[in-house]
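Please open the structure in your viewer and keep the selection tool at hand.

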Amino acid sequence: MSLLKKKNDNTEPQFSFGESILVLVGILCILGYLIIVKKQEPQAPLFISFMVLALYGHLRGFKWQTVMDGMREGLRTGVDPLVIFLSIGVLIATWIFSGTIPTIMYFGFKIISVKFFLPTVFIVCTLVGVACGSSFTTVSTMGIAFIGIGATLQINPGLTAGVIVSGAFCGSNISPLSGTTNLAASVGEISIYKHIQSLLTTDIPAWAICLILYTFLGWNSKNVSLNTVHQMMNGLANGFWISGWALLPVLLLVILAIFQVPAIPSLGFGSLFAIVLGWLHAPSTNISLITKTIMTGFVSHTGNKTIDTLLSKGGIASMLTSLALIVFALALGGLLIKFNIISTIINHLTGIVKTPGRVSLATAITCIGVNLMVGEHYLAIILPGQSFLPSFDRLGLKRVDLTRILNDAGAAVNAIVPWSVSGVFIATTLQVNPLQFIPWAFFPFLVTIFTVVAGMLVKVPQKQGVAIPEQ
């Protein structure tokens, strides 16, 4: 087949498996060289990759209309995450305004020691992640507070961020309130609780090893002068409203999660409640200052440079750079799907997997591949799940084995891809470069290894070829 198709040919081309692999390798080379080697921000590399793929697709025979349709379809899948990003930017600003995040930091300084800081952060973020079912909410609330405390305790911010990410994504992974966990269960058409029961076989060992590693790393942390801690506490007490009442927005989010209110309205209600709470404490605050805080973020004026740096953040504007990155990543992913590059590779893999070990490994690799190429955790669950479900049924395997892989290698891995939805969100919210926190985010690495090993150990039942829709 020639590279250039005739313009009057109404049929559109089909990429072979080999050509699809070459396209993916080429895109990964562009992204890897510019982002990892040249240490560039991901926006420009993703834009370049998108334009290169669009031009190649057109030269290959795809109409420009098809290219545009692929871009639109890719962006359509990211509407919810984009709105969530903006809502979290508002939540961060309003929770600082209401004193919620400063109060968490203040009481955190009282109860946390340097030696036990890392394991404490890991445990708390796990519990919050389970309670609210959202890794994003955990990172944008407890994560910001812990980053501030860690900076005062002179702990590597990349390490602190890695611990936060591990705890948040582990908690979200095993929470019945989590969107990705419910999605994985629905793809496999099984009960959410049977799905979680399967997840515990890999997530608990990964969690335990993470706790041991973070405890060991915490013991090696240097002691910090208590004067620094006392200065931070005094600065927080003098510059913000420090009170147990300021923690009410946290309670509200937990209650909304229990009643399974979707993320976007939950974040909106949490922000509005924080605004009302902050205004009740300081009725002299005018509406112009509140709307400016929502748009450009909160600006701290305590006089303490460390506090003012840590707590001058949030707002809609703070998320716009990240939104640009997500737009280009989703557009690129849309083209890969529209050109049938992703489906060609998946179909080839499903055709060669004949054993439980191979089908489990192929599913995990596909989940990771979709994360790398598309950067969207929902698609990293849906595409491999729908593609490999027939293979699991054909081999007589339990569907919980499939859904476990989708959660562990699909949702969790998204956190350690620098240009993914989760990776960008974490970096923007915690203000830590992805390459700084990814090496310390042990949970996504460990749980992926464990889920692949668990898949390798699955035995084929004596009766094969019988679909088991509910297990």
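In which helix do arginine 404 and aspartate 401 both lie? Select helix H20, residues 399–412: both residues are in this helix, 3 residues apart, or about one turn of the helix. Please note that the model is predicted. Arginine 404 forms a salt bridge with aspartate 401, and their closest N and O atoms are 3.1 Å apart. Both of these residues are buried.

**The whole chain**

Now zoom out and display the chain as a cartoon. The secondary structure comprises 23 helices and 0 strands. The radius of gyration is 23 Å, close to the 23 Å that the globule rule gives for 471 residues, so the chain is as compact as a globular protein of that length. Along the principal axes, the C-alpha atoms fill a box of roughly 70 × 55 × 40 Å. Of the 471 residues, 55% are buried.

**Two further salt bridges**

Side chains of opposite charge can pair when their charged atoms come close. The structure holds 6 salt bridges.

Select arginine 60 and glutamate 19 next. These two form a salt bridge in which the closest N and O atoms are 2.8 Å apart. Because arginine 60 belongs to helix H2 (residues 43–60) and glutamate 19 to helix H1 (residues 17–37), the pair ties together parts that are 41 residues apart in sequence. Arginine 60 is buried, with a relative accessible area of 3%; glutamate 19 is also buried, with a value of 15%.

Move on to arginine 72 and aspartate 69, a salt bridge with its closest N and O atoms 3.2 Å apart. The two residues are separated by about one helical turn, because they are 3 residues apart in helix H3 (residues 64–76). Arginine 72 counts as partly exposed at 39% relative accessibility, and aspartate 69 counts as partly exposed at 24%.

**A network**

Select Glu189, Asp393 and Arg399 together: a network of salt bridges links them.

**A buried lysine**

Finally, select lysine 313, in the loop between helix H15 (305–310) and helix H16 (320–338). Is this residue buried or exposed? Lysine 313 is buried, yet it has no salt bridge. The nearest side chain of opposite charge, that of aspartate 308, is 12 Å away. A polar atom of the lysine 313 side chain does lie 3.4 Å from the backbone oxygen of leucine 310. Display the surroundings as well: leaving aside residues up to four places away in sequence, lysine 313 touches several residues, including Ile92, Ile144, Phe298 and Gln431.

Terms used:
Residues numbered from 1 in each chain as written. Predicted model: local features only at pLDDT ≥ 70, side-chain atom pairs only at ≥ 80, totals over all residues. Heavy atoms only, no water. Helix = DSSP H or I, 4+ residues; strand = E, 2+ residues; numbered from the N terminus. Buried < 20%, exposed > 50% of the residue type's maximum accessible area, 1.4 Å probe, protein only. Lys, Arg positive; Asp, Glu negative; His and termini not counted. Salt bridge = Lys/Arg side-chain N within 4 Å of Asp/Glu carboxyl O. Polar contact = N/O pair within 3.5 Å; in protein donor to acceptor, adjacent residues only side chain to side chain. Contact = heavy atoms within 4.5 Å. Rg over C-alpha atoms; globule rule 2.2 N^0.38 Å.
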